[in-house]
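The following briefing goes with the structure shown below.

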Amino acid sequence: MNTHNAIRLVSLLSIWMLAAQGQIFQPQLAPANFLGRITSNTVILQQPYCVFTQTCPGCEIWLVAALSTGTGNFNALVNISSPISLSVSPYPTAFLPSSAQFFLTRVGPLANFPCNTAPAFPYFTVGADGICTGINCNGVLPVGSIVSFRYLLIDPSNYTVVNMTNWGGPFNLTTLLSYQTINDGLSARSGAMVVITTLLCVAGALLLLVFFIMLCVSCCGKKDGKTVTVMSSIRIPRYDTHNLKEHVHPYDNQAYEPDAKNYSTSQTLPKSPVRK
């Protein structure tokens, strides 16, 4: 059995125990490990499985979402076995200062919430319709408010309240912080973050330096569209010795041209010893 199925069974068993003990169910939050069960303007509740056990063909389950001042307003307007107007506090204006501070939204038919079936997704998200304009739409709650919830069993033939649960809550919605209150200075950063930022800056500077060097080599290493290597860019002057020029006998010294006949090759080269 996986974790999700276990949570579903525990939720269903808790509802059955309350019904067996004669206690009136009150809306409960989704389990603590359920992500996003309370946000700044939405709440995830457990659905009312096996909450209303009486026989009521065609009856529907509705939810009342009210602020702290709205619970008293609703209690003063609605009683069991009395008719109710579903537009008594329409959503678009429900939370204005002069309004009743509550609204009603439809959850589903009573037949969809039996006692003998483990629900696949036993949760109801209050505010799932976002900012809506319908009289009974499931709109978002006032940001950061304190809200309470109540399930109603209504007979749609005459809009009579057949039964209702106790109020669940109050629940504090998440309060949003202004971006101006966020400290983004150096004091708000951890030592590890400062070290990582420093290393990244140094690495970026080194990469930029390498890129600049490669760019210089690439631009300066070209001449007339041809790549010049390092060895070919080094110019070594050519030196010719004065006695090794063209058309000159390699063993004649031109400095003594007037007396060249006295300094022939045969006379200037060393002579081999004569063998006897």
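Cys56 and Cys59 are both buried, and in this predicted model they are joined in a disulfide with their sulfur atoms 1.5 Å apart. A search of the whole structure finds three disulfides, and, with bonded cysteines counted along the chain, their pattern is 1-4, 2-3, 5-6.

**Other disulfides and cysteines**

- Cys50 is joined to Cys115 by a disulfide with an S to S distance of 1.9 Å, and this link is right-handed, with 90° about the S-S bond.
- The pair connects distant parts of the chain, since Cys50 lies in the loop between E1 and E2 while Cys115 lies in the loop between E3 and E4, 65 residues apart.
- Cys201 counts as exposed at 53% relative accessibility, while Cys216, at 30%, counts as partly exposed.

**Nonpolar cores**

- The largest nonpolar core has 32 residues, of which Leu45, Leu141, Phe149 and Tyr151 touch the most other members.
- At least two residues of this core come from each of strands E1 (43-46), E2 (60-67), E3 (102-109), E4 (123-126) and E5 (146-155).
- Not counting residues up to four places away in sequence, Leu45 touches a set of residues including Pro27, Leu29, Leu63, Phe124, Val126, Phe149, Tyr151 and Phe171.
- Another core, of 15 residues, lies apart from the largest one, and among its members are Val64, Leu86, Leu104 and Met164.

**Surface patch**

- In soluble globular proteins, nonpolar side chains tend to be buried together.
- Leu209, Phe212, Ile213 and Val217, however, form a nonpolar patch on the surface, with about 410 Å² of accessible area together.

**A buried loop residue**

- Ser40 lies in the loop between helix H1 (3-20) and E1, and it counts as buried because its relative accessibility is 14%, which is under 20%.
- Leaving aside its neighbours within four places in sequence, Ser40 is in contact with Pro142, Val143, Gly144, Leu173, Thr174 and Leu176.

Notes:
Residues are numbered from 1 along each chain as its sequence is written. This is a predicted model: local features need pLDDT of at least 70, side-chain atom pairs count only at pLDDT 80 or more; totals for chains, interfaces and linings use all residues. Side-chain values use heavy atoms; hydrogens and water are left out. A nonpolar core is a set of buried Ala, Val, Leu, Ile, Met, Phe, Trp, Tyr and Cys residues joined through side-chain atoms within 4.5 Å. Buried means under 20% relative accessible area, exposed over 50%, partly exposed in between (1.4 Å probe, protein chains only). Helices (H or I, at least four residues) and strands (E, at least two) are DSSP runs, numbered from the N terminus. Contact means heavy atoms within 4.5 Å. Patches are made of residues with over 30% relative accessible area and no salt bridge: like charges are joined within 9 Å, nonpolar side chains (Val, Leu, Ile, Met, Phe, Trp, Tyr) within 5 Å. Accessible areas come from the Shrake-Rupley method with a 1.4 Å probe; for residues, only the protein chains shown count as cover. A salt bridge is a side-chain nitrogen of Lys or Arg within 4 Å of a carboxyl oxygen of Asp or Glu. A disulfide is a pair of cysteine sulfur atoms within 2.5 Å.
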